[in-house]
Amino acid sequence: MLKPMSKMLDEIHEQPAALEQTLAAERKPIEQMRALLGREKPRLIMLAARGTSDNAAQFGRYLLEITTGIPVTLAAPSIFTLYKAPFHFEGVLAIAISQSGESTDTNLVLERAREQGARTIGITNEASSTLARIAEHTFLVHAGREKSVAATKTYTGQLLVLYLIAYALGAPISLDDLARLPEWADRALTLQPEIARRAQGYRAMSQAVVVGRGLNYANAFEFALKLMETCYVVAERFSSADLLHGPIAMVEAAFPAFLFAPSGVTWPGLREMIEKLAQLKAEALLITDPSNSEALALGDKVIALPVSIEELYTPIPYIIPAQLFAASLAEAKGLNPDQPRTLSKVTRTL
């Protein structure tokens with residue numbers, strides 16, 4: 001294993017332990033929430049977040065709708081902060097997600113929701129934060145302090161808590177399978193030497209597309225964000241369906257395209273997209289695992305996790321190779337991924 005050269009890489013490597021700690025600490029509180037929500041199932045779930053946490057919320061939308069059948073909306077904080085529009089929160093479960101718990105507009109959404117009768121949940125890495133005080137119920141990401149500006153371990157921790165909330169809402173999610181996530185994350189980390197070598201070949205990259213669908217759609221946003229903030233690459237993110245509806249026109253020979261390609265219901269559409277990219281002679285690179293034999297057959301166009309994973313549980317282990325790639329590419333470009341220009345760890349907006 002290569003020695004991490006940045007705080008970002010250090011924190012990527014801390015994820016198996018952080019996931020294990022989060023599961024251990026939040027298991028009893030989530031069982032209590034499961035009993036409560038079994039009596040008071042919401043008619044609608046609203047997720048509020050910004051930045052990387054907003055990408056986690058995007059995942060939460062897919063996960064919760066797919067596994068519980070409850071409609072989910074992503075809050076637009078400006079509706080509350082700028083337009084001050086009234087909102088009918090009866091029967092709504094409002095969930096705010098924030099690494100620091102100090103995102104001003106996200107906290108305001110949750111505050112308004114609680115004032116108007118919604119049940120509220122906060123997901124944060126900071127037990128003493130404003131969000132933890134505002135929320136009726138708080139679930140913590142037990143990741144320890146995140147020092148790099150680029151969030152990694154808090155993102156996967158947020159995804160894990162969203163799995164737990166889905167379980168609390170009656171989703172057919174196995175806690176035994178969730179308990180395997182730290183192991184799968186640890187197996188993903190073994191790919192670092194390979195990924196570091198691959199990243200060297202992308203040193204001149206200035207633009208790219210990242211493609212994911214369904215449960216991995218949020219990972220497309222998160223990978224693109226990491227490429228933008230740590231490598232200064234203009235990275236557009238799409239579902240495989242959306243890329244075909246117009247944006248595919250910008251793709252040409254040698255254009256970099258990164259795809260999350262698990263087996264399961266999203267694979268046929270992704271396979272069609274990969275065939276199209278091959279026709280255009282684009283530079284495609286897939287993240288997949290041994291359960292997708294068709295993807296593995298693409299050989300050197302594949303980063304394959306060393307363990308087969310059911311699609312439902314792929315988002316956490318799949319984002320780790322993407323995080324490693326962004327951190328490695330930043331180093332290959334001579335950039336500091338811990339201190340992206342013009343960014344700070346906590347961003348407050350209204």
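**Notebook: helix packing and sheets in a predicted model**

I began with helix 3 (residues 51–68) and helix 11 (residues 217–231), which pack at an angle of about 165° with their axes 8 Å apart. Because angles over 145 degrees count as roughly antiparallel, I recorded helix 3 as roughly antiparallel to helix 11. I noted that the model is predicted. The crossing of these two helices is left-handed.

I then listed the residues in this contact. From helix 3 I found Gly-51, Thr-52, Asn-55, Gln-58, Phe-59 and Tyr-62, which meet Tyr-217, Ala-218, Phe-221, Glu-222, Leu-225 and Lys-226 of helix 11. By class, the residues of this contact are 6 nonpolar, 4 polar and 2 charged.

I next looked up a sheet of 5 strands, which is open, has the order 2-1-3-4-5 and is paired in the parallel sense. Strand 2 (72–74) and strand 5 (137–140) stand at its edges; each has a single partner strand, so one side of each lacks a neighbour in the sheet. On average, neighbouring strands of this sheet are turned by 20° against each other, direction ignored.

For one pair I checked the details. Strand 4 (residues 119–124) and strand 5 run parallel and are joined by 4 bridges. In this pair, Ile-121 stands opposite His-137 of strand 5.

I also recorded the helices that pack on this sheet. Helix 3 touches strand 1 (44–48), strand 2 and strand 3 (92–98), and its direction makes about 165° with that of strand 2. Helix 7 (residues 153–168) touches strand 3, strand 4 and strand 5, and its direction makes about 150° with that of strand 4.

**Entry on helix 7 and helix 15**

How do the axes of helix 7 and helix 15 (residues 315–332) cross? I found that they come within 10 Å and cross at roughly 170°. The two helices are therefore roughly antiparallel to each other. On the side of helix 7, the contact is made by Tyr-155, Thr-156, Leu-159, Leu-160 and Tyr-163; on the side of helix 15, by Pro-315, Ile-316, Ile-319 and Gln-323. I classed the residues of this contact as 7 nonpolar, 2 polar and no charged.

**Entry on strand 8**

Is strand 8 (residues 256–260) largely enclosed or left open by the rest of the structure? I found 5 of its 5 residues buried, so the strand is largely enclosed. I recalled that in a regular strand the side chains alternate between the two faces of the sheet. In strand 8, both faces are covered: Pro-256, Phe-258 and Phe-260 are buried on one side, and Ala-257 and Leu-259 are buried on the other.

I then looked up the partners of this strand. Strand 6 (residues 207–211) pairs with strand 8 in the parallel sense over 3 bridges, and Val-209 stands opposite Ala-257 of strand 8. Strand 9 (residues 283–288) also runs parallel to strand 8 and is joined to it by 5 bridges. Here Phe-258 stands opposite Leu-285 of strand 9.

**Entry on Glu-115**

Finally, I looked up Glu-115, which is found in helix 5 (residues 104–115). Is Glu-115 buried or exposed? Its relative accessibility is 54%, so Glu-115 counts as exposed, the cut-off being over 50%. I also noted that Glu-115 and Phe-89 lie 26 residues apart along the chain, while their C-alpha atoms are separated by 9.2 Å.

Methods:
Residues are numbered from 1 along each chain as its sequence is written. This is a predicted model: local features need pLDDT of at least 70, side-chain atom pairs count only at pLDDT 80 or more; totals for chains, interfaces and linings use all residues. Side-chain values use heavy atoms; hydrogens and water are left out. Axes are lines fitted to C-alpha atoms, for helices over the stretch in contact, and angles run from 0 to 180 degrees between N-to-C directions. Angles under 35 degrees count as roughly parallel, over 145 as roughly antiparallel, 65 to 115 as roughly perpendicular and the rest as oblique. A crossing is left-handed if the near helix is turned anticlockwise from the far one by less than a right angle, and right-handed if clockwise. Contact means heavy atoms within 4.5 Å. Ala, Val, Leu, Ile, Met, Phe, Trp, Tyr, Cys and Pro count as nonpolar, Asp, Glu, Lys and Arg as charged, and the others, Gly among them, as polar. Buried means under 20% relative accessible area, exposed over 50%, partly exposed in between (1.4 Å probe, protein chains only). Two strands pair if DSSP finds at least two bridges between them.
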